[in-house]
Amino acid sequence: MQPIFTFAMHNSQKHISKTLDWRVRHVSDHNLVYILALFTGFGCAFAAFVLKSVVGFIQGFVTTLTHNDVNWWYLVLPAVGIAIAAFYVNRMVKDDISHGVTRILYAISQHKAIIKVHNMWSSVIASAITIGFGGSVGAEAPMVLTGSAIGSNLGRLFRLDQHTLMLLVGCGAAGALGGIFKAPIAGVTFVMEVLLIDFTMSSIVPILITSVTATAFAYLFTGSDCLFPFTDYQPFTLHRVPFTIVLGLACGFVALYFTRGMNLLEGLFRRVSSPLLKWLVGGVMLGLLIFLFPPLYGEGYDSITFLLSDDPSNLFSQSPFRSLQDTRWGVVLFLGLIVFFKIFATAATNGAGGTGGIFAPSLFVGCLTGFAVGLVFNNFGFDVPLTNFAFAGMAGLMSAVMHAPLTGIFLIAELTGGYDLFMTLMITSVVAYLTIIVFEPHSLYAMRLAKKGELLTHHKDRAVLTLMNLDNVIETDLLAVSPEMTLGELVKVISKSHRNIFPVVENYTERLVGIVTLDEVRNIMFQPRLYDRFTVYKLMSIPPGKIIENMPMDKVMDMFESTGAWNLPVVDEKGAYKGFVSKSKIFNIYRNVLVNFSEE
C-alpha cells in the first residue's frame, strides 16, 4: 500500500511541476496576479453567500421556536451555539481562528502573509454557528480572514513571492467586504486604511478587480437590494451641522468606551484557564443579556433596519422592559442600556469560545447611538431627522472604532444607498475619528500588536523597523572576558580578536557586568609591568544601556537615540549576555529591507 501511495504522490507532484513550468513560460507574473484576483473575488462572494445562508437558516429556526411575549429559549440557545462552535474549533480545527483582522495584521507585520489553508472555510463554519444561535458578534471579520486566506493560498499554490502574497491577502480582504456588504469601494478603502501600507497603481488594480468581482457575484447570488435600503431621509442643511458635530463627539466617546471595554473584558476572559468555566460564565452572561435585551441577539441587523425606518417599537418585542417604549425618555434609556451592554454580550460570545468580529457590533452600536442622540435633541425641542442620525451614527462609530474614516463613510453609503448624505457622513466620521485618537492611538484590531511592537503602520520608518528582527542584527563574534582576568590575560584575548569591544561576563551566571573597549586600555596594554596590577573588573565600564532580548526594533532604535551609543549589549530578562548590536549594522539591514519593502 505504501509504494502505491508514494507513487501517487510522486505522480501528483510531477503534474504540479509541469503546470507551474507551463505557467512560467506562458503567463507573466503580472497577468497571473490579475487572474488570481479574479478567482479570489469569486471565492469571497461564494463564501459570503454560504455564510449568510447558514446564519439565516439557523436564525429562522431559533426565532420561530416560540411566539410568546418572552422568548425563554434566549437563555439557552446562544450558549448551545457557542459550545458547538468551540467544539468544532478546538477538536476539529485545533487552531485559534478568533480576531480574524488581527491575525491578518500580524501576518502582514511579519512580512509573511501566509495564512493557513483551513482558514478558507473554518471561520465561515464557526461564525455561522455562533451567530445563527444568537452570538452577539459579526460575520464580517471572519469573512475577511476567509477572503485573505483564499488569496494567500492561491498565491502559494503558484509559488509567488512574499510581496505578491501580501497583495493577494489585501485582495481577499477587499473581496470579503465586497461579497458580504456589496460595498466595493469600502473594500478598497478598508485595505488601504486598516491592512496595507502603500497603494501604487500596480497594487490597486488587483484589489479593485477582486472587490468588484466579489460584489458582482454577490448581486448575482442575493439580488440587487442594499443590506439596509434607506429612502426616508432629509437632505443635508447647514443649520444641522452643529448637531452633527455633537453626534460625532458622541460617537467618538462611545467608540472609546467600546474599544477599551472590549479590550478589558476580553483580557478578563483570557485570564480564565478553564474552557468549561469560560463557556459557563460567557454563556450565562450572553443568554441573560439577550433575554433582557432581545436586540442583542445575533448581528443586530434587524434592529438597524427598524431604526432606519424610524420604528423603534419593534426593538421592545419580547423584552421584559416593554413598558419603557411608552415614554420619550424611556426609549432613550432602553437604547442606552443596549449600547452599554453590547460590549458585554460581544466579549462574552468570543470569550466563551464563539467566533465573530466587531464589524456588525460597531454598526449596531453606532445606529443606536445616532438614533438616541437624535431623540435627545428632539426631546429638548429641536427638530433633527432620526433616520439621518441613525445612518450617520453607524459611519461615525465604525470610523472611530476601526480608525478608518474613509471606510466608515463609503461602507455606510454603499450599505444603504444613501449617497446624498455624504456631507453628514463625513462630518460625523471625521469628528468621531479625531475624538478617539486623542485617547487611543490604535484601533481595537491593532492594540494587541501595537503593545508587542508587531504592528505595521503607515509610518514608513516604523513599518520597516517592524519588519526587521532583532535576531538578525545581533553580533555574537565578540570575545567575552571575565572580571577576574588580569590585564595580561586581556591582552592575549585582544590579540586574537578583530573587534574593539569586549563584554565582561561572570563565569558562573553568564551575567553581563560591564564592557571593556580597546580605547580604554590602549595606553597601558603595551606596558608588561602593569599586566598583573590591573584586573578587568578595574578596567571595565558600565554600558550606557542594555537591549533586552526580543525587544521590538523601534524600541532598540529609541535606545540608541537616547544613549547616543553606536554599540549596545543584548541581555535576556535575567541579565545573561547574548551579544551586541551595532547601529551601523541596523542601518545596513534597514536599507535592504526598505528596498524589498518598496519595490513593486
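In this predicted model, strand 3 and strand 4, the latter spanning residues 567-571, pair in the parallel sense over 2 bridges. Ile 548 has Val 571 in strand 4 as its bridge partner. This pairing belongs to an open sheet of 3 strands, which follow one another in the order 3-4-5 with mixed pairing. Strand 3 (547-548) and strand 5 (577-582) are the edge strands, each of them pairing on one side only. Across strand 3, strand 4 and strand 5 lies helix 23, made up of residues 553-563, and helix 23 runs at about 135° to strand 4.

A helix pair can be followed next. Helix 2 (residues 29-63) packs against helix 6 (residues 140-157) at an angle of about 145°, the axes being 9 Å apart, and the crossing of helix 2 past helix 6 is right-handed. On the side of helix 2 the contact includes Leu 36, Phe 39, Gly 43 and Ala 47, while helix 6 contributes, among others, Met 143, Gly 147, Ile 150 and Leu 154. Taken by class, the residues of this contact between helix 2 and helix 6 comprise 9 nonpolar and 6 polar ones, with no charged residues.

A search of the whole structure finds 3 cavities of 30 Å³ or more, and the second largest cavity holds about 60 Å³. Which residues line the second largest cavity? Among them are Gln 234, Phe 236, Arg 240, Asn 388, Phe 389 and Leu 421. The lining of the second largest cavity divides into 5 nonpolar, 5 polar and 1 charged residue.

Methods: Residues numbered from 1 in each chain as written. Predicted model: local features only at pLDDT ≥ 70, side-chain atom pairs only at ≥ 80, totals over all residues. Heavy atoms only, no water. 1 Å grid on protein atoms, 1.4 Å probe; cavity = no way out; pocket = protein on both sides within 12 Å on 5 of 7 lines; lining within 4 Å. Points joined across faces, edges and corners; volume = space filled by probe spheres on them. Nonpolar A, V, L, I, M, F, W, Y, C, P; charged D, E, K, R; others polar. Axes fitted to C-alpha atoms, helices over the stretch in contact; angles between N-to-C directions. Helix = DSSP H or I, 4+ residues; strand = E, 2+ residues; numbered from the N terminus. Left-handed = near helix turned anticlockwise from the far one by under 90°. Contact = heavy atoms within 4.5 Å. Pairing = 2+ DSSP bridges.
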